[in-house]
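Here is a friendly walk through one model, taken one site at a time. Have the viewer open as you read.

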Amino acid sequence: MDPRAPLLRLVDLALPPRCPGCGAIVEADHRFCAGCWDSLQFLGAPWCAACNLPFDFDRGPGARCAACLADPPPHDGVRAAVAYGDVARRLALKLKYGGRLAAAETMARAMARLVPEGADLLVPVPLHRWRLWSRGFNQAVLIAHGVARRSGLPVERDLLRRVRATPKLQGLGRRARAKAVAGAFALGPGARAKLQGRTVLLVDDVHTSGATGDACARLLKRGGAARVILLCWARVLAEEAPLD
Ligand SMILES: [Zn+2]
Ligand SMILES: [Zn+2]
């Protein structure tokens, strides 16, 4: 028997596992309670062949959403574990502002199953150093390390840099968002050698308009990446719903 067993049991008693969504006591760490689990919308096919926006019905292989038909994205898909909703948002806020690192682990578990075949490396979306300083951590890095533990893929946190702080994109239109992030990112030293011909998973917590992901994907491809797939915890669906 593990000599620490009584102590571990004591810790277990003191800190029962709690639902990452609402804090209700649950049977194991990183498990959602039945209510939160029911309210989470896990994303999957049928979806847009370009951006993985879920479709209500199967439109056939290669079908694209209205946005991608009008303007093909610079990336090779967006793999998001869940749709952005109440519970997904609570978890993202807990991680970002509450510093609850366990939330990163919960997200990473749900995201690990979305890691596509042939992926080579994980690149977290960088934070500007001022924001990093005030927050103390980059949530995307924490999530990427969680995914790395499950997938065995390396985390490369210096390939991309945020060289300019960006304003809050909330409430801005598509064009204004793209303008706000233009020039905000740069490749780190030595990035080209590591990116050449690779399939990159760009890791973030929430995928909203795509402005950030698009800017990073463009840059990574310019640096030599063969494919850039966005991997995130939650995706805002309403803003990107097809226009029809
Ligand atoms: Zn719950
Ligand atoms: Zn699409």
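## A side chain and a backbone nitrogen

A polar atom of the asparagine 52 side chain lies 2.8 Å from the backbone nitrogen of valine 78. For reference, a polar contact is a pair of N or O atoms within 3.5 Å; within protein, one must be able to donate a hydrogen and the other to accept it, and residues adjacent in sequence count only if both atoms are side-chain atoms. This is a predicted model, in which local features need pLDDT of at least 70, side-chain atom pairs count only at pLDDT 80 or more, and totals for chains, interfaces and linings use all residues. Residues are numbered from 1 along each chain as its sequence is written, chains are lettered from A and ligands numbered from 1 in the order in which they are written, and side-chain values use heavy atoms, with hydrogens and water left out.

Asparagine 52 sits in the loop between α2 and α3; helices (H or I, at least four residues) and strands (E, at least two) are DSSP runs, numbered from the N terminus. Is asparagine 52 buried or exposed? Asparagine 52 is buried, at 7% relative accessibility, where buried means under 20% relative accessible area, exposed over 50% and partly exposed in between (1.4 Å probe, protein chains only). Leaving aside residues up to four places away in sequence, asparagine 52 touches Trp47, Gly77, Val78, Arg79 and Arg235 (contact means heavy atoms within 4.5 Å).

## Zinc ion, ligand 2

Cys48 (SG), Cys51 (SG), Cys65 (SG) and Cys68 (SG) coordinate the zinc ion (ligand 2) at 2.3 to 2.4 Å. Donors are N, O and S atoms within 2.8 Å of the metal (3.2 Å for Na, K and Ca); water is not among the atoms, so sites may look incomplete. Along the chain, the donors of ligand 2 follow the spacing C-x2-C-x13-C-x2-C. Cysteine 51 is in the loop between α2 and α3 (66–70) and cysteine 68 in helix α3, so this pair ties together parts 17 residues apart in sequence. Cysteine 51 is buried, with a relative accessible area of 8%, and cysteine 68 is buried too, at 4%.

## Zinc ion, ligand 1

Which residues are the protein donors of the zinc ion (ligand 1)? They are Cys19 (SG), Cys22 (SG), Cys33 (SG) and Cys36 (SG), lying 2.3 Å from the ion. Their spacing in sequence is C-x2-C-x10-C-x2-C. Cysteine 22 is partly exposed, with a relative accessible area of 40%, whereas cysteine 33 is buried, at 17%.
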